[in-house]
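Visitor: I am new to this structure and would like to be guided through it slowly. Could you show it to me before we talk?

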Amino acid sequence: MARVAIVTGGTRGIGEAISLALKDAGVTVAATYTGNVDKAAAFTERTGIASYKWDVADHDACAEGVAQVAQELGSVDILINNAGITRDGTLLKMSYQAWKEVIDVNLGGCFNMAKATFAGMRERGWGRIINIGSVNGQAGQYGQVNYAAAKSGIHGFTKALAQEGAKFGVTVNAIAPGYIDTDMVAAVPQDVLAKIVSKIPVGRLGHAHEIARGVAFLCSEDAGFITGSTLSINGGQHMY
Ligand code: NDP
C-alpha cells in the first residue's frame with residue numbers, strides 16, 4: 001500500500017513542489033494550508049492532492065487534523081514540516097507578537113505535528129520526518145532574530161528527535177534552503193534581494209523543485225541510514 005505523507009503548507013511555494021514530488025514518488029499526500037482557501041482549492045483541483053485546513057501553531061488542531069487524515073487516507077508515515085512565516089524587523093523594532101508568531105508557527109508547528117505523528121510511526125516501525133530549516137537559521141540574518149532563532153531551533157529539534165526515532169525505523173532530517181523564488185522571497189525588497197543574489201556563488205535564486213527533490217530522496221527507502229542530518233541546498237551561499 002502507498003505510504004501516506006502530510007506536507008504542512010503544502011499547497012503553494014516550496015510545499016507545493018514537495019507535495020508534487022512525493023506524489024510522483026507514489027506517496028499519497030495530504031497538503032495542509034491555513035488561510036489561502038482559494039489557492040488550496042485550485043491546487044487540489046489541478047493536482048488531485050487532498051488539502052486540509054489547520055493552523056500548525058494550534059496544538060489541538062494538529063492532533064485533530066492528523067486523525068482526520070489518518071481516517072481518510074491512512075496512517076501517516078511521512079511528515080514534512082514545511083509551514084513557515086516571516087515577521088522581519090530589527091530587535092529594537094520587533095514586537096513581542098512578531099517574535100511569538102514566528103516561533104509558534106515555525107518551531108512550535110514542528111513540535112505539534114511531530115507529537116501527533118511520531119508515536120504511530122514508531123509503533124509501525126517506519127517513518128520519515130523532514131523539517132524545513134533555513135540558511136538563516138545556520139548563519140543568522142540581520143532583521144530576523146525571530147526567524148533565525150526558530151529555524152536554528154528546528155536544526156536542534158531534528159538532531160534530538162532523530163535519536164528518539166533511530167531504533168524504531170523513524171529517520172528525522174532537516175533541509176536548510178537558501179533563497180528560493182517563492183512568495184516569501186518575493187516579499188523581500190528588490191534592492192536587498194539583488195545584494196543577496198550577488199553573494200550566492202551559483203548566481204541565482206533556487207527553485208522550489210530543487211528543495212523538493214532533496215525531500216523526496218530523504219523520504220525514500222534508500223535514505224534509511226541518514227538521520228539527524230541537515231542537507232543544505234543554497235547555491236553555495238553558506239558552506240556549513
Ligand atoms: P510561502 O510563504 O510561499 O508559503 C508558506 C506556506 O506555509 C503556505 O503554504 C502557508 O499556507 C503555510 N503556512 C503559513 N503559516 C501557517 C500556519 N500557521 N499553519 C499552517 N500553514 C501555514 O513560503 P515558502 O514556500 O517560501 O517557504 C516554505 C518553507 O521553507 C518555510 O518554512 C520557509 O521558512 C522555508 N524557507 C524558505 C526559503 C525561501 O527562500 N523561500 C528559504 C529558507 C527556508 P497558506 O497558503 O494557507 O498561507
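Guide: Two strands pair if DSSP finds at least two bridges between them, and helices (H or I, at least four residues) and strands (E, at least two) are DSSP runs numbered from the N terminus. This is a predicted model, in which local features need pLDDT of at least 70 and side-chain atom pairs count only at pLDDT 80 or more, while totals for chains, interfaces and linings use all residues. Residues are numbered from 1 along each chain as its sequence is written, and side-chain values use heavy atoms, with hydrogens and water left out.

Visitor: Which residue in S2 does isoleucine 6 stand opposite?

Guide: Strand S1 (residues 4-7) and strand S2 (residues 28-33) run parallel and are joined by 4 bridges. Across from isoleucine 6, the residue in S2 is alanine 30.

Visitor: What is the order of the strands in the open sheet?

Guide: Strand S3 (50-53) and strand S7 (230-233) each have a single partner strand, so they stand at the edges with one side left without a neighbour in the sheet. The sheet is open, its pairing is parallel, and its 7 strands follow the order S3-S2-S1-S4-S5-S6-S7.

Visitor: At about what angle does helix H2 run to S3?

Guide: Angles run from 0 to 180 degrees between N-to-C directions, with axes fitted as lines to C-alpha atoms, for helices over the stretch in contact, where contact means heavy atoms within 4.5 Å. Helix H2 (residues 37-47) lies across S2 and S3, and its angle to S3 is about 160 degrees.

Visitor: How far from an oxygen atom of the ligand does a polar side-chain atom of lysine 151 lie?

Guide: For asparagine 82, a backbone N or O atom lies 2.7 Å from an oxygen atom of the ligand, and a backbone N or O atom of isoleucine 180 also lies 2.7 Å from a ligand oxygen. For lysine 151, a polar side-chain atom lies at a distance of 2.9 Å.

Visitor: Which element has the lowest mean pLDDT?

Guide: The predictor's confidence in each residue, from 0 to 100, is called pLDDT, and the protein averages 96. Strand S4 (residues 78-81) has the highest mean among the elements, 99, whereas the lowest, 89, belongs to helix H7.

How values were computed:
A polar contact is a pair of N or O atoms within 3.5 Å; within protein, one must be able to donate a hydrogen and the other to accept it, and residues adjacent in sequence count only if both atoms are side-chain atoms.
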